[in-house]
Every structure is written in C-alpha cells, then in structure tokens.
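This report looks at a few local features of one protein chain. Please keep the sequence and the structure in view while reading.

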Amino acid sequence: MPRPEQLAAQLDPSGAVLLTVECQQGVVGRDSALPELAAQARSSGALENVARLVDVAHAAGVQVLHAVAERRPDGRGAGSNAPLLRAAGWLPVQQHSGSSAVRVAEPIEVADEDIVVRRLHGLSPIAGTGVDALLRNLGCRTLVVTGVSANVAIPNAVFDAVNLGYTAVVPADAIAGVPPEYTPAMIRNTLALVATVTTTDDVLACWRAPRRAART
C-alpha cells in the first residue's frame, strides 16, 4: 500500500479522473449477459464501492468518466478477431446502442458533468476510444480505474494508462472478475507491478480531506 501522503498527492482532485469500466446494466445489472460476473461484482461489494467513489468524486470536484461497451444491432464496426469478441454476438443479452443494457447500472449515479464514452470495438476502454485526448484536455495526471472485469478490461485500462504516461490507481475492492479468487491474484502479481493499489476507503479519505480548490 502507498504512504498516505503519496496517495494524497496522486489523488489531488485537480489532476485525478475516476474511470468506471463497463458498469452497465447488461454487464453488472440484474439482467446481465454475464450473470456470474454480475453476481461477483455485487456480492463482493465492488459495484457498491464504485458507487461510493462516484458520489464522493462528484462532491470533491473529481471528474468522472464512464466507459461503456456496446454494439450496433447490425454488428457493424465490432471486432471478431478474438474469442471473447466473437462470443459477444451470441450472448442472451446484447449490449445494443441505445438499449437499457448500455445504461450505467444502479447504484451508480451519473451526474450532468460526467462524461460517458461508448466504444463499438476492441477490449480496452482507452485505446482507440478518444479517452486519452479527453483525459489530457481535462488535465488528468492520475487515472483511478474501477469496474469490470479484472479478467480483461481492467488490466487493459491500467496498462494503457501507464503506457500513455498516466499514474494508475486501482482500489482493489472496487474491481471484480471471475472466478472470485482470480482478482486478488491478478492484482498481487500483475497490477501491483504497474499501478498504485489501494482501497476504496483510502481513496475516499483523500477526496474528503480539506485541500486547495479542485478542478473547475
């Protein structure tokens, strides 16, 4: 775990952005295309912790960005160069653009100032989505990565962020994957090598602490 002063510096609201990854109804909601993942996101407390982080980020002036994965009903633009991408077209719940499946899931609250970025292709919420340019325009130095899944999109986002020059912070209890034992192993053996691994409560403590004015 990082020292409190190190974490506080990384999470200064003027340079931090909170990213939620695929926290959408068709992924972590009650009618998920991936019920095992949805159940784990809820039973582990990860989804609730994402909602807590979003609420306090709003109050602290930290920019929130929601990354949503979706498909056109006709599949145009979607990739088929990986087993996971090919399987997406056959899932019982489709992440179709404009459908309820691609809405940010409860209990996460989306504020007017939040940015929602929707991707039609690939596995990363950052690469090829325009998120890097948005982050630079927002003055981001630290990206706080939350959501699902610890199997694919979360490590993808962390690696992309680090390769692009951002500091990545991962609240370990605000991400989820399957099976349950995979997530802590992946954090310990992979993400801890490239990101600041912390907890939701420690991030909240930094954002609730008195400090200079946040981003305007």
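## Helix α4

In this predicted model, helix α4 covers residues 46–60, and its 15 residues should span 21 Å at 1.5 Å a residue, which agrees with the 21 Å between its end C-alpha atoms. The buried residues of α4 are Ala46, Leu47, Asn49, Val50, Ala51, Leu53, Val54, Val56, Ala57 and Ala60.

Directly after α4 comes Gly61, and the phi angle of Gly61 is positive, near 80 degrees.

## Cysteines

With a disulfide taken as a pair of cysteine sulfur atoms within 2.5 Å, the count for this model comes to 0 disulfides. Cys140 is in no disulfide, because the nearest cysteine sulfur, that of Cys206, lies 15 Å away, whereas the cut-off is 2.5 Å. For Cys206, likewise in no disulfide, the nearest cysteine sulfur is that of Cys140, at 15 Å.

As for accessibility, Cys140 has a relative accessible area of 8% and is therefore buried, the limit for that class being under 20%. Cys206, at 8% relative accessibility, also counts as buried.

## Ala133 in helix α6

Ala133 belongs to helix α6, which runs over residues 131–137. Its relative accessibility is 44%, so Ala133 counts as partly exposed, a class that lies between the 20% limit for buried and the 50% limit for exposed residues.

Between Ala133 and Ser44 there is a separation of 89 residues in sequence, and their C-alpha atoms are 33 Å apart in space.

Definitions and conventions. Residues are numbered from 1 along each chain as its sequence is written. This is a predicted model: local features need pLDDT of at least 70, side-chain atom pairs count only at pLDDT 80 or more; totals for chains, interfaces and linings use all residues. Side-chain values use heavy atoms; hydrogens and water are left out. Helices (H or I, at least four residues) and strands (E, at least two) are DSSP runs, numbered from the N terminus. Buried means under 20% relative accessible area, exposed over 50%, partly exposed in between (1.4 Å probe, protein chains only). The expected span of a helix is 1.5 Å times one less than its number of residues.
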